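Colleague: I would like to go through this model with you. Please take it one contact at a time.

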Amino acid sequence: MPRLKLALLLFVKEPFSPLGISPNEEMIRFALLFKQFLEATNSRVSLFLPGRLIEVLLKYSPQEAAWMRERVRDGHLEMMGGGFYDAMLPLFPTQLQEIQLQKYRDLVSKNFSVEPSGYFNSSMAWEIGMTETLAKKGYEYTLVGEESLQEALGRSTRVSGWYTTEDCGSVMRLLSVATDLSEAISQGGATACAKFDSLPETEKHWVAAVSVPISNPELLSHFFTDLTEIILKQEIQSWTISHIFEQQFSEGKINLMSAVGSNVGLPTASHSCRELLIRRPEADFLHKSLLAAYRHAEATLQGSVLEDIQNILLPVMAPEYYSDLPGNEGVQSPGVRWKGNREVIEAEKKIVRQTGLTGQSIEVADYLMEGHRQILVNNSQMAFLLEQQRGGALRSLIYKPSSLNLVNALRQDGDISFAFLDHLLDPSLNDVGSFESALNDHAGQLKSPYDYQINRLEAQVDVLLRSEQVATIAENKHVFHVDKVFSVKWGKPFLDLSYTLVNTTFSEVNGYFGTELDLGMRMFDKKTSAIKINGAKISIDFTTSTLYSNVKSFVLKDGLLSYAICIDLPREAHVMVSPVLSTLRSAAPNLVQGIRLFFFWNMELKPQGTEAFNLRMKLSKRGIFL
Amino acid sequence: MKADLIDIFIEESGDDVYIRLQGTLGFMQLAAVREKIEMLIGGPGKFWFLDLEKVRFVDDEYLQLFLNVLNRIKKKEGTLVLLFDNAENIAYFSKFANIFEIYPSRDAYRRSGLLKQLKLVGATYSKQTGLRLSPGISVFLLILLVGWFLTLFSIIQNQSEEIREQKAQRMELENQKHQMVQEIDELRSMIGPLRHLGLVADSATSRSFENISDWVTYLEMLESRRRGN
């Protein structure tokens, strides 16, 4: 029986840290164990480390780094190339792709005296449009999952070896990675041995890409012990990945448009990593915010200042900000969303500082790239994106001094979180459960498109929305003329919102008119968070919803994230406070993603009658003077 | 929705209002552009920068629209500056190149002349209203004037002090002179009898000192004699 030929790629994902703590200890441990593994097995492997981890390795384990450089020189180790922050490149503009690739290439060639020829990213996302960019940066091949090649070839049998694909006059080699083998090796022990035994006999090389778990010391040690054992026990003939191209001929040409990748939380039926942006509105918003910041910087800055801004944006291209995964691996984690938004807000603030402008602006453009325009209002303290085409609700509410996007709750049903999304509800609703169901059903949502007008006043701007809204109450359709006005003072974190509703029909309408805010936040704790209604502190149980009446003021504070929201209601209102929960994998909903506030008033509108409601929102860092 | 047909960006900074339009503007967009522009220029502002660099005009009606906008801004004693640098738009506005102020960028406008720079920092002049200053410039000039007055006052104070000191010194010297003249008279009276006897020659009235009229000249002469002249 011929010895099994394996080209093994070990890759490390940078551990996510909300506070940006560098994984120094983890990398020191990894470098030692990796060296021991290579010495013990005398095997040849390929390695991919994100740029920041290479920098940590060079700083804290210089001896091991020097040893690795020697192994690269004698052909036992191959350094794979990629984006500096292991970015999901297909989602981003070509220039940002090129910066990521060049930065990584410069780092590897300077410190390991080798120009990487293979491109890799841990999510294994691929799109044919990357061919030209990769070829231009000197890459000759890339790794794609076996199932993607099977689908492109229309085969259900195993696909190994490499194929070529071409786009815009450039060529790229696509190398098949055996996903099942990769998973078996990462599980280690008997599973891996069984998988090796089950592989069909072939003269060709098997390719596996295995993630090294550096965050957990025990798992890391166990991983290398297992791997050493497998390679020695199975008598595997190991090679670096680039060696395959010397040993095997091309299997032919292939037209692989895109590969969805792995470990990004997409179902198997997905075809492209872009589906992440469709499935998760939070990831999509972060993506569009990054693109907007990039466009703003491109339009106003040049030279090294522009590079500074680009360097701030590069880490937000990492896969954890777009993957549909929980637990600091994806956008389902409130911490990941908080950090991603924070980085982009910081970049925007720096752009304003560098241009020397006041940052007081209104932009009407297709910010979210959805085919219709939104209104982005900015002052030096706050910013919000108003979707006038979707019921005049806010898609984001950014408090700049704390670099925080408040409208950031992830909803389990995949719906978009809004602030000031209006509802007209049936007057028969009488308990908190029925209110919650009515909001979830979207039955009373006033979501018709609004026409807009921007009124510039002294030190203030009013965005006036005007529309005819249709609502169904007690099986009857009612038409209302609604004027909704957002007023923002330049340089102040205050937002006034006023409504005027006119019953345009000849029948009387009774119901509840209210507005909903889905605020994203971390888990509440009594030490650093508080909710006050009419000045009195209330205790919040984040498992059930609660209804409060005769509310004149509502204050929400979070000392840890440094923000306080105060909502004053000149006309007393009712408020429903309920948690926004999501599931952690398949368990019951228990992960706090945010808080839902529904402020509502009793409304009795005679035919042609008019009602007016308003509320004032103030934001601050500590909430002392609110 | 008409309002949803165009991309607009508005930025305010003091008296400056920067408006950027984007896209292809034809007859379909004309009403929306007119509505939005007229709505925006109804608000506060002095210098209106209308960035049309990323606009492609496919209808001549926009020239009339911008002329109307210019008139409205002039009525408000404001300035309209069109910003673009592409050949297509230069050709489009060529008929009215002398009417509109056209610059490639805001910086180019700022660098374009002293008068404009003055205007930009907040000083404007018109026949109706005379010289008008922005609040910032007014405060700056007020501080400058107060500074000047304070400096002048302190200079006058110092000079008066000096004059008083000199006056006091002069009076003291005059007193000393009187005392000395008295002493000389006394000494003269003391040696008067001796002179009458012909025992003392009066050096003060001798020939060699006949041209000397004061003590300073006398002392100078003594000094020059000491030096051997």
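Modeller: First, two terms: two strands pair if DSSP finds at least two bridges between them. Helices (H or I, at least four residues) and strands (E, at least two) are DSSP runs, numbered from the N terminus. This is a predicted model, where local features need pLDDT of at least 70, side-chain atom pairs count only at pLDDT 80 or more, and totals for chains, interfaces and linings use all residues. Residues are numbered from 1 along each chain as its sequence is written, and chains are lettered from A and ligands numbered from 1 in the order in which they are written.

Colleague: How many bridges join strand 25 of chain A to strand 26 of chain A?

Modeller: Strand 25 covers residues 546-558 and strand 26 covers residues 563-582 of chain A. The two run antiparallel. Thr546(A) has Val577(A) of strand 26 as its bridge partner. The number of bridges is ten.

Colleague: Which residue takes a positive phi in the hairpin of strand 25 of chain A and strand 26 of chain A?

Modeller: Four residues lie between the strands of this hairpin. The phi in question is near 60°. The residue is Ser562(A).

Colleague: Which residue stands opposite Met576(A) in strand 27 of chain A?

Modeller: Strand 26 of chain A is joined to strand 27 (residues 591-605) of chain A by nine bridges, and they run antiparallel. Strand 26 of chain A also runs antiparallel to strand 28 (residues 610-620) of chain A, with five bridges. In strand 27 of chain A, Met576(A) faces Phe598(A).

Colleague: Where does chain A pair with chain B, and what is the bridge partner of Val364(A)?

Modeller: The contact takes 19 residues from chain A and 14 residues from chain B; residues are in contact if their C-beta atoms, placed from the backbone, lie within 7 Å. On the chain A side, strand 12 (360-365) and strand 18 (451-457) are the elements that give two or more residues. Strand 12 of chain A and strand 1 (residues 7-13) of chain B run antiparallel, joined by five bridges. There, Val364(A) has as its partner Ile8(B).

Colleague: How many charged residues has the side of chain A that touches chain B?

Modeller: Ala, Val, Leu, Ile, Met, Phe, Trp, Tyr, Cys and Pro count as nonpolar, Asp, Glu, Lys and Arg as charged, and the others, Gly among them, as polar. The side of chain A that touches chain B has nine nonpolar and five polar residues. Its charged residues number five.

Colleague: Strand 18 of chain A also pairs within its own chain. Which residue stands opposite Asn455(A) in strand 19 of chain A?

Modeller: Strand 18 of chain A runs antiparallel to strand 19 (residues 460-473) of chain A over seven bridges. Their hairpin has two residues between the strands, and Ala459(A) takes a positive phi near 55°. Opposite Asn455(A) stands Asp462(A).

Colleague: How many bridges join strand 19 of chain A to strand 20 of chain A?

Modeller: Strand 20 of chain A spans residues 476-489 and runs antiparallel to strand 19 of chain A. Leu465(A) stands opposite Lys484(A). In the turn of this hairpin, Ala474(A) has a positive phi of about 50°. The bridge count is 14.

Colleague: Is helix 1 of chain A roughly parallel or roughly perpendicular to helix 9 of chain A?

Modeller: Axes are lines fitted to C-alpha atoms, for helices over the stretch in contact, and angles run from 0 to 180 degrees between N-to-C directions. Helix 1 (residues 24-41) and helix 9 (residues 217-233) of chain A pack at about 10°, with axes 10 Å apart. Angles under 35 degrees count as roughly parallel, over 145 as roughly antiparallel, 65 to 115 as roughly perpendicular and the rest as oblique. That makes helix 1 of chain A, relative to helix 9 of chain A, roughly parallel.

Colleague: At what angle do the axes of helix 1 of chain A and helix 2 of chain A cross?

Modeller: Helix 2 of chain A covers residues 51-60, and its axis and that of helix 1 of chain A come within 9 Å. Among the residues that meet are Met27(A) and Ile28(A) of helix 1 and Leu53(A) and Val56(A) of helix 2 of chain A. The axes cross at roughly 75°.

Definitions and conventions:
Two residues are in contact if their C-beta atoms, placed from the backbone, lie within 7 Å.
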